[in-house]
Amino acid sequence: MPVIKTENLTKIYKGTVKALDNFSIGIEEGEIFGLLGPNGAGKTTTIKILATLLDPSSGKATVNGFDVATHPSKVRESIGIVFQEPSTDELLTGYENLKLHALMYGIPGSETEKRISDALELVELVDRKKDIVKTYSGGMRRRLEIARGLLHRPKVMFLDEPTLGLDPRGRDTMWNYVERLVKERDMTILLTTHYMEEADKLADRICIIDRGKAVAIDTPAKLKKVIGGDLVTIKAPLADIDAIKRLKFVKSIEHKDGAILITMDDAASNLQELLKRTGKVKCVEVRSPTLDDVFLRYTGRGLEQAEGGLFDKIIQESANKA
Amino acid sequence: MRYRSNTLVGIYAVWWREFIVFLRETPRAVSAIISPIIWLVVFGAGLGGSVSIPGTDYQSFIFAGILVQTFLFSSLFYGAYLVWDKKVDLLKAILVSPLSRRAIFIGKVLGGVTISLINTIIVLVIGFFLGINLTPTAAILTFLAVAFASIGLTAMGLMVGSMMESPEGFQLLSTLVLFPMFFMSGALFPISNLSGPLATIASVNPVTYIVDILRGILTGTSYFGLMHSALALLIFTAVAMAAGMFAFERMKS
């Protein structure tokens, strides 16, 4: 039985904006499940509903077997959350933040100290525990939130954009922690991100979410297989397109901005063969498909393009008004 | 049973957080000491020279008013400060815990009451140096009255904080609500000086009764009579608690 399950979850803001549109997913115990999509795709709305902070307009969601609508406090006991915006108390010390959390979750006093020191150790904040959180860096705050989320030993951990705003080093450290969590604590993790790299590296399965809809759900490898091969971009003005098309290993071919985009099997072995048919080549780029390509395939837009969506809309709207 | 004890621990947790934060924010403590001194010494002694109140000197007269001022402002702002917690997402972490909203609300109110009582001690000590002496009974009654008043005022602040969307309304809150409530309460002058609509406003203003009770306890002269004012205070506290809890439980997160 899935630990997290949503059925036709729909959320409509202010009667018009559809943040979630018949969204259905099932997350199995012990997996890292990634929600990948641009800003505004409905990722945070999903987390908020699953965390009982927001009521869905329609549809059903269960966490650890409890319905979010009918058993919110059972759901809350089952989950830990690392929010997108830091929600640790910056006027308290790291230790006090954890202590407060332990009290709120009714952790027995006899166990509190041990759990706090374990959690602090895991996120390597032991030597800073007596400092006020105001003095912590962004990465340290995020780590403290993880420690806090672990304290009551939840079944499920929600990580909402856990590396947003972190520098590359902070991001690496964070990825490390997340992987350790699953290994050492045997947890189920729901991760939202708009970094395809992050989803690719961490998630066992990914749900591509766009405009509130679950567009595709699978392992990163299988999702990338959808693209059907390696991607080769060639600038060759004299190329014989039809000859290229006839090659066995070529899956698809298209023209874009004066370049030829070819999807083909095993580019490493077959590139030579391809280049024989293209005549003089100005430049060649060979790469493996990324989740960005997958996103493009399913939604017709690249992830970054989709990010710009809202901005484009605003520009368009003001243009319409003028 | 397990759940019930957790609720109590949870209330304690919320209160504990508020208390630590209060201790840590030194500017708040400093202003709690400086502000009443300025009012009592400068205003009380300065203006008092040209004002005569039957039966007492002006400084003793406004002492209860200044005491009320310190916790009126701190309680209401403390409650309304909730909107700030909402903005910086601090509240989300608390709301997502298994604690009921009611427990969180009660913990917050107790936090506000604690701060008011600490402020009261400070003002009473200042009063002692200015020659305002208290019997032990009067001191106990003062603390009781302050506790009840500040339960109501904090709950009212939390109600406002629950309904406010952004902290920008703070200025408006103090101009439109706090200052009128303070000035129309008889804190600085006898309300018998007021007439017409102003007198009506004063008579429905809960702060009027809070000032009256404390003045009754501290100087022995109460305008409405202690029992009458105490009843008005109890009604206010009950209504504010109910309304505050209602708003807090329905607050969007």
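Start with E12 and E13 of chain A: the two strands pair in the antiparallel sense, joined by 6 bridges. This is a predicted model. Within the pair, select A:Ser252; its bridge partner in E13(A) is A:Thr263.

Move to strand E11 (residues 230–235) of chain A. On one side, E11(A) runs antiparallel to strand E13 (residues 259–264) of chain A, with 5 bridges between them. Look for A:Val232, which stands opposite A:Ile262 in E13(A). E11(A) also pairs with strand E14 (residues 283–287) of chain A, again antiparallel, over 5 bridges. Here A:Lys235 has A:Cys283 of E14(A) as its bridge partner.

Which residues of E11(A) are on the covered face, and which on the uncovered one? Show the side chains. A:Asp230, A:Val232 and A:Ile234 make up the covered face. A:Leu231, A:Thr233 and A:Lys235 make up the uncovered one.

**A second sheet in chain A**

Select E2, E1, E4 and E5 of chain A. In that order, these 4 strands form an open sheet with antiparallel pairing. The edges are strand E2 (17–27) and strand E5 (66–67) of chain A; each has a single partner strand, so one side of each lacks a neighbour in the sheet. Go to the E5 edge. Strand E4 (residues 58–63) of chain A pairs with E5(A) in the antiparallel sense, over 2 bridges. A:Thr62 stands opposite A:Asp67 of E5(A).

**Chain A as a whole**

Zoom out. Chain A has 13 helices and 14 strands. Its C-alpha atoms fill a box of roughly 75 × 45 × 45 Å along the principal axes. Of the 322 residues in chain A, 41% are buried. Take the contacts in chain A with a separation of 6 or more: 69% of them join residues 24 or more positions apart.

**Where the chains touch**

Show both chains. The contact takes 18 residues from chain A and 21 residues from chain B. On the chain A side, helix H2 (72–78) and helix H3 (94–104) are the elements that give two or more residues. H3(A) gives the most, with 4 residues. By class, this side of chain A has 10 nonpolar, 3 polar and 5 charged residues.

**The nonpolar cores**

Which residues touch the most other members of the largest nonpolar core? Select A:Ala147, A:Phe158, A:Ile189, B:Val68 and B:Leu214; the core has 142 residues. H3(B) gives the most to this core, with 15 residues. Apart from this core lies another, of 6 residues, among them A:Val232, A:Ala239, A:Met264 and A:Leu274.

Centre on A:Phe158. Beyond its neighbours within four places in sequence, A:Phe158 is in contact with A:Ile47, A:Leu50, A:Ala51, A:Ile79, A:Ile81, A:Val82 and A:Leu190.

**Into chain B**

Select helix H2 (residues 26–48) of chain B. At 1.5 Å a residue, its 23 residues should span 33 Å; the end C-alpha atoms are 31 Å apart, which agrees. Which residues of H2(B) are buried? They are B:Ala32, B:Pro36, B:Trp39, B:Leu40 and B:Gly44. The cover over them includes helix H3 (58–80) and helix H6 (101–129) of chain B.

Finish at B:Thr154, in helix H7 (residues 136–163) of chain B. Is B:Thr154 buried or exposed? B:Thr154 counts as buried because it has 31 C-beta neighbours inside 10 Å, and the cut-off for buried is 20 or more. Leaving aside neighbours within four places in sequence, its contacts are B:Ser75, B:Tyr78, B:Gly79, B:Val109, B:Gly112 and B:Val113. Draw the C-alpha to C-alpha distance from B:Thr154 to B:Val113: the two are 7.5 Å apart in space and 41 residues apart in sequence.

Methods:
Residues are numbered from 1 along each chain as its sequence is written. Chains are lettered from A and ligands numbered from 1 in the order in which they are written. This is a predicted model: local features need pLDDT of at least 70, side-chain atom pairs count only at pLDDT 80 or more; totals for chains, interfaces and linings use all residues. Two residues are in contact if their C-beta atoms, placed from the backbone, lie within 7 Å. Ala, Val, Leu, Ile, Met, Phe, Trp, Tyr, Cys and Pro count as nonpolar, Asp, Glu, Lys and Arg as charged, and the others, Gly among them, as polar. The expected span of a helix is 1.5 Å times one less than its number of residues. A residue is buried if 20 or more other C-beta atoms lie within 10 Å of its own, exposed if 12 or fewer, and partly exposed in between; C-beta atoms are placed from the backbone. Two strands pair if DSSP finds at least two bridges between them. A nonpolar core is a set of buried Ala, Val, Leu, Ile, Met, Phe, Trp, Tyr and Cys residues joined through C-beta atoms within 7 Å.
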